[in-house]
Amino acid sequence: MKQIDVCLTPDLLHLHTIENTIVVVADVFRATSCMVTAFAYGVKSIIPVATVDECRQWQERGYLAAAERNARKVEGFELDNSPFTYMDEQIRGADVAMTTTNGTLAITRSRGAVKVLVGSFLNLDAIARYLKTEPYDVMVLCAGWKGRVNMEDTLFAGALIDRLKESYAMAEDSVIMAWRLYGQGKDNLPSYLSNSSHIRRLQRLGIQKDITYCLQHDLYDVVPVLRGNALVSMEV
């Protein structure tokens, strides 16, 4: 039987095996939610990069560029890390370069996998349906916050496990933990997450609407996949 695993933070990735595995990267607040939204609104591709300097180099080549650090937009870039930014007509058909504090770093660290997918609550059903058709093991890589574990990405992992539990064996205790955590919180995720560190961090910036939006399930039938150095949207 295929197995599903959860890596709770990229700093623990060296303890996991990603060969012969599909990695689903989750940075719910807000990078992967932005990416899914961007593809739903017609972006052509997204190049995830680890550093601001790399992002600026792509910007100089004519790409729209998004840069975020510590939940704030980096000065000099067109786009920020709010999913509502990606509902604009300017992104339709565009190639975007993006760097964020956690999410894009997690994606770039996953390149040794069979495939790297971008997951969020917004495309949860699409990701689950796609994975059921694949013969490979799966690992959810939670982007966390600067190497630390966070709740929202772990809850996404639990939600995906809940959708896949009939098709995949739970490989490690981190899988059981994530699944049980989601079982506790799934009926009211905003309330369950209300005292979490990243919620408090975002609320200080006055962006409650981003939080509410990113916790919605199954809005988009979109599965972003890393092809070469760029994310593109697969048909599912």
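Predicted model: local features only at pLDDT ≥ 70, side-chain atom pairs only at ≥ 80, totals over all residues.

Q: How much space lies in the largest cavity?
A: The structure holds one cavity of 30 Å³ or more. The space in the largest cavity is about 60 Å³.

Q: Which residues lie nearest the centre of the largest cavity?
A: The lining of this cavity is made up of 13 residues. By class they divide into five nonpolar, five polar and three charged. Those nearest the centre are Phe 29, Arg 30, Glu 68, Asn 81 and His 198.

Q: Which residue forms a salt bridge with Arg 30?
A: Side chains of opposite charge can pair when their charged atoms come close. For Arg 30, the N to O distance in the salt bridge is 2.8 Å, and the partner is Asp 210.

Q: How many residues apart are Asp 210 and Arg 30?
A: Asp 210 belongs to helix H9 (residues 208–214). Arg 30 lies in the loop between strand S2 (21–26) and helix H1 (31–40). The pair therefore links distant parts of the chain, and the separation is 180 residues.

Q: Is Asp 210 buried or exposed?
A: Residues under 20% relative accessible area count as buried. The relative accessibility of Asp 210 is 1%, so Asp 210 is classed as buried.

Q: What is the relative accessibility of Arg 30, the salt-bridge partner of Asp 210?
A: Arg 30 falls under the 20% limit for burial, and it therefore counts as buried. Its relative accessibility is 4%.

Q: Which helix holds the salt-bridge partner of Asp 125?
A: Asp 125 forms a salt bridge with Arg 163, with the closest N and O atoms 3.6 Å apart. The two residues are 38 residues apart, and Asp 125 is in helix H4 (residues 124–132). Arg 163 is in helix H5 (residues 151–164).

Q: Which residue forms a salt bridge with Asp 162?
A: Asp 162 is partly exposed, with a relative accessible area of 23%. Its closest N and O atoms to the partner are 3.3 Å apart, and that partner is Lys 165.

Conventions
Residues numbered from 1 in each chain as written. Heavy atoms only, no water. 1 Å grid on protein atoms, 1.4 Å probe; cavity = no way out; pocket = protein on both sides within 12 Å on 5 of 7 lines; lining within 4 Å. Points joined across faces, edges and corners; volume = space filled by probe spheres on them. Nonpolar A, V, L, I, M, F, W, Y, C, P; charged D, E, K, R; others polar. Salt bridge = Lys/Arg side-chain N within 4 Å of Asp/Glu carboxyl O. Helix = DSSP H or I, 4+ residues; strand = E, 2+ residues; numbered from the N terminus. Buried < 20%, exposed > 50% of the residue type's maximum accessible area, 1.4 Å probe, protein only.
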